[in-house]
Amino acid sequence: MYYEVYVDILFTENLWMDAAILLLTAGFLHLRVRKRRIALAALLGALGACALTVFSAYIDEIGYLAGTLTFCAGMVRIAFPDREKFCGAFLALYLESFLLSGLLRYLAQFHPLCGIWFVVACTAACLFLYAAQWLLNRQRRLAALSCEATLICGNCRLTVEGFYDTGNALCDPLSGRPVSILAPELMEKLLAGTDRELPPRMIPYRTITQRGVLKAWILDGMEIRDTDGIRIIKKPVVACMRRNRDSHPLILHRDLLPP
């Protein structure tokens, strides 16, 4: 019993798949894409797949697995030369390969994947995985920008959900300090809980659709709890402005983002 292998087709299919998997890996880990390195790595993977297939009769299962891991490591080393991210890229490459192979096996139930149909199915599967990665990365970014903040004013402590707004560049024109935005009802509650009267500061603002003046107060402190731990901001400037219901009650200035 023997199998007839068309090396040119095997090489082309693996070259296409390896390039797609490397690009997906780069997108998943936010790695820099170097076109020449991606092409060389895909070429190595395609040649390795051909070699392992042609000589499969002369190597055992352990040898085949060792060869697969070796070519995979070589692809990662060529495409992403950063040694610190080698292990992550290696695991991500195998994960992307597993997901892509699963999608292709699923699509093969509806139509034989050969020739142009393989290219179409592989491209569609890659687009699906890319869209899934984009949604996942978006959720990661939103989660990284969310935090818990405790506003301190006299004896009153108010804990609210905060959000780092990279578009918030509002600053106090006198001191130049960053200004965060708090919902008016929460500001009233915070000021009502203190035993002293705080005079407001008038801070002009301008957006794409409107301009005006906001009332702001210098609080005693603010504790921010995020993925980097707890940070204490002394004498934060917080203004009140009514926002949409779906928005966070506290919008933090972009300069308060962790370094």
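A residue is called buried when its relative accessible area is under 20%, exposed when that area is over 50%, and partly exposed in between. Please bear in mind throughout that this is a predicted model.

Select Glu 148 and display its side chain. Its relative accessible area is 38%, so Glu 148 is partly exposed.

Side chains of opposite charge can pair when their charged atoms come close.

**Second stop: another pair involving β6**

Now select Arg 157 and Glu 223. They form a salt bridge in which the closest N and O atoms are 3.3 Å apart. Arg 157 is in strand β2 (residues 156–164) and Glu 223 is in strand β6, so this pair ties together parts that are 66 residues apart in sequence. Is each partner buried or exposed, or does it lie in between? Arg 157 has a relative accessible area of 48% and is therefore partly exposed. Glu 223, at 15%, counts as buried.

Keep these residues displayed together with the pair from the previous stop. Glu 148, Arg 157, Glu 223 and Arg 225 are linked in a network of salt bridges.

Select Asp 220 and Lys 235, whose side chains meet in a salt bridge of 3.8 Å, N to O. Asp 220 lies in the loop between β5 (211–218) and β6, and Lys 235 in the loop between β7 (229–234) and β8 (237–240), so the pair ties together parts 15 residues apart in sequence. Asp 220 counts as partly exposed because its relative accessibility is 25%. Lys 235 is likewise partly exposed, at 42%. The count for the model comes to 5 salt bridges.

**Last stop: a nonpolar patch**

Finally, select Val 7, Val 54, Phe 55, Tyr 58, Ile 59 and Tyr 64. These residues form a nonpolar patch on the surface, with about 600 Å² of accessible area together. Centre the view on Phe 55, which lies in the loop between α2 (35–54) and α3 (61–79). Phe 55 is partly exposed, because its relative accessible area is 46%.

Methods: Residues are numbered from 1 along each chain as its sequence is written. This is a predicted model: local features need pLDDT of at least 70, side-chain atom pairs count only at pLDDT 80 or more; totals for chains, interfaces and linings use all residues. Side-chain values use heavy atoms; hydrogens and water are left out. Patches are made of residues with over 30% relative accessible area and no salt bridge: like charges are joined within 9 Å, nonpolar side chains (Val, Leu, Ile, Met, Phe, Trp, Tyr) within 5 Å. Accessible areas come from the Shrake-Rupley method with a 1.4 Å probe; for residues, only the protein chains shown count as cover. A salt bridge is a side-chain nitrogen of Lys or Arg within 4 Å of a carboxyl oxygen of Asp or Glu. Helices (H or I, at least four residues) and strands (E, at least two) are DSSP runs, numbered from the N terminus. Buried means under 20% relative accessible area, exposed over 50%, partly exposed in between (1.4 Å probe, protein chains only).
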